[in-house]
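Me: I would like to learn how to read a few features of a protein model. Can we go through them one at a time?

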Amino acid sequence: MKNRLKKAAAVFALSTLVASSSVPTAFADVSSASAQTLVPLASVSQANTPIQHVVVLFQENESFDHYFGTYPVATNPAGEPPFYAAPGTPTVNGLSAALLTNNPNSANPQRFDRSQAHTADYDHGYTSEQKSFDGGLMDKFVQIDGRGDAGVMNYYDGNTVTAWWNYAQHFAMNDNYFGSNLGPSTPGALNCISGNTSGATVYSANQAQNGTVLNPGDKGFPSSVTSNGTVIGDSDPYYDYASKGSTISMAGTNVGDMLNAKGLTWGCFFGGYDDPTAQHNNIAAQAVTDYIPHHEPFEYYGLTSNVSHLKPSSVANIGYTDQANHQYDVTDFWAAANAGNLPSFSFVKAPAYQDGHPSYSDPLDEQTWLASTVNKLEALPTWSSTAIFLCYDDSDGWYDHVMPPIVNQSNDPAVDALEGNNAGTNPPLNGAEDRLGYGPRFPMVVVSPYAKHNAVINTLADQSSVLRFVEDNWNLGRIGNGSFDALAGSLDNMFDFSSANNPPVFLDPNTGEPVAQVTPFQQQGNLYMSVPDLVQSLDVQTHQNGADVWFMYGSHLVDIPSQGDTVTIDQQPVKLESPITTQSNSVCLPIANLANALGVQPVQYQSNEILFKTIDTTDTKPAITTPTTTPPATTPPATTTPATTTTPVSVTSTDSTVSKVSSVAAVTKFAIGNDSTAGSNTLSIGTPTSVSSPSGSGTLVNQFINGAKSGKTYNLIITATDANGNTVDAGGTVYVTFAPGDIDTTGTLTSGGKKISTTPVAVSLDSTGKAVLAYSVGTAPVNWDAYDNDVITISDSNGTSTASYTNQISVLNMSN
């Protein structure tokens, strides 16, 4: 969702999507391998590093500052999972005090708390992001990407994106990692597997529907592809029967072709691939379709596609070329992994409600999937030779203060706007315009026993650096033809290949905190932990000295024996409260005296989650208290109301019984509802959820409307009420504006036959205190990421009344 915040107005951002078509039972997949043929590995290429298994967990739509801007310092309010940085944790190129308090943008970044996990979705188009960068000043995020919503500046810390911060602290993070290009999901996914977004052919439909080639200027040619044949937006892949609307195929080579040529196993594993209509609810109780075709990069290439989504011929053949042609459901990933058949390369995608994408996913649903997935991978025998790359497709438009280095310029006045109507005049890679890069900065963490421990790496890298790592690890060579892999920085600095001494960290998928594998217990009145769990919570790397375990914690050398009642710290004995013991085949020891000697304090957040903070750390959480219960990830975020001298707005149903008051001056609330007499032209309107908004704008209300279709007109009912919920009397007036979006330029909003534009139009409420607006949809976008940005504002004044507030309502088709 993208919205435009206006003081004294109710803003309804209308994002339209087309309903999914019925799923055919079978298709003859002309581009995939024969349904009966298994192609064996001809010659297996040996890895150049100890990494035998690369797993890419490719998430959605976050900037670096949005997740790591204040790392490693978290606010740690009561009731949220705390984060305490281990001694020596490095800082990042994040949000400085000056950026937090005197930002060059029109608003300062503000902290989102855990109750604000479900947010709006912002503009992250190829051109819009260039305009937000403002020639390198990085000061137009609110006006452009945020469309007036200062929420685009905001960030989370380790109390919400707790798992991410814990992975960064235990393993290696790169704070200088960028998108190869600017723009949304499809370009990002293509760059990760090929480093190239040029060479697109557009079709009227998918291959199974016999789509025909479209040329620039043809009806239905999408804005996602430029006249130069470069992908800058989201359209579904041609080689996928689940694709809708106009589709795209890509020429050239991807990493799958290169792995095949070297006889290496590989697979792309997607949530919802087996049933593209399957849905799950996110924390906001929205039903979200698991599979989004334009996120699946291999389906754009004929040689690596599986048009019909055929299942593999057997679990043993997952990763080989058979009827599935390396394209699978995520359940096939676990079937192969559990059978000891983890492919050399795996590209893994969460079901949509857990992929982190704002509006239909969120950090808490994302954390549930991410932590569960990494936990399982760390428990496999293959963990000892695995590298997990945690990375993203695009920034969603979220603020990041770093201007990317421009390594590839573009000079296309139709779409480039970094410097007026261009983005440099130097010749682009391979002569292909519309590939301006690098794009925004993203989070990037490597989880592996060979990853450097608690490290922040500053080596310049981009999405195609993941591709380069795979190429270099197995001597695949470079793709060529203008691929960004020729420019990509190496990710080798995130590893120490001399030692596999970085232990796994098992996180609670709900809280994101390290979770003990042996439940801490009381014995003789003292709290015990197992040594492996102590090591995990202290975030240290261990070494063995006979039966003893030793490690460095900050500047302290700690040696723990397997028995007795004394440990050694800096070669000095430290008497424990009670003797070391064994439970569940693990050495366990009391932790109070050890912690005190190290200058830290245990915090038992939950019964099996014990953290350590330095004793002088200011925090509202008492040490060793009764465990608190964190609301489960399925609990919707709590409604929060910002500090304001006026009454917050709410969005309410319009079909309840109401009474009347005499004056329009009492209006403090606006609602938009359904016309119950419209028959098939009705919209399903969800329950509103309030979240905090920038100071002076009142309460931001997210309300989801399902069912918008191309070529239809819907009656939207305005209801204005006073502070007590009473409907305003007849004769009351509201002022309405309408700004059409970038895609559906023919959409209109009228009142009594009068067309409404960006100039406020007076609309009279009828005898029941309501007014009817006719909203006509022209050509609706197809995908979640291809939403339009029609904006309706409703106010009780044609000026900037402080008595009104800002609402947001997104029109979607969540049956997709």
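Me: Is Asn-475 buried, partly exposed or exposed?

Reply: Buried means under 20% relative accessible area, exposed over 50%, and partly exposed in between (1.4 Å probe, protein chains only). Asn-475 has a relative accessible area of 43%, so this residue is partly exposed. This is a predicted model, where local features need pLDDT of at least 70, side-chain atom pairs count only at pLDDT 80 or more, and totals for chains, interfaces and linings use all residues. Residues are numbered from 1 along each chain as its sequence is written, and side-chain values use heavy atoms, leaving out hydrogens and water.

Me: What is the phi of Asn-475?

Reply: Most residues other than glycine have a negative phi. Asn-475 is not a glycine, yet its phi is positive, about 55 degrees. Ser-584 also has a positive phi, near 50 degrees, and is exposed, with a relative accessible area of 55%.

Me: Which residues does a cis peptide bond join, with omega about 5 degrees?

Reply: Most peptide bonds are trans. The cis bond with that omega joins Tyr-71 and Pro-72. Another cis bond runs from Gly-437 to Tyr-438, with omega near 10 degrees.

Me: How many residues are in the largest nonpolar core?

Reply: A nonpolar core is a set of buried Ala, Val, Leu, Ile, Met, Phe, Trp, Tyr and Cys residues joined through side-chain atoms within 4.5 Å. The largest one here has 123 residues, and Phe-347 is one of those that touch the most other members. Apart from it lies another core, of 25 residues, including Val-558 and Phe-612.
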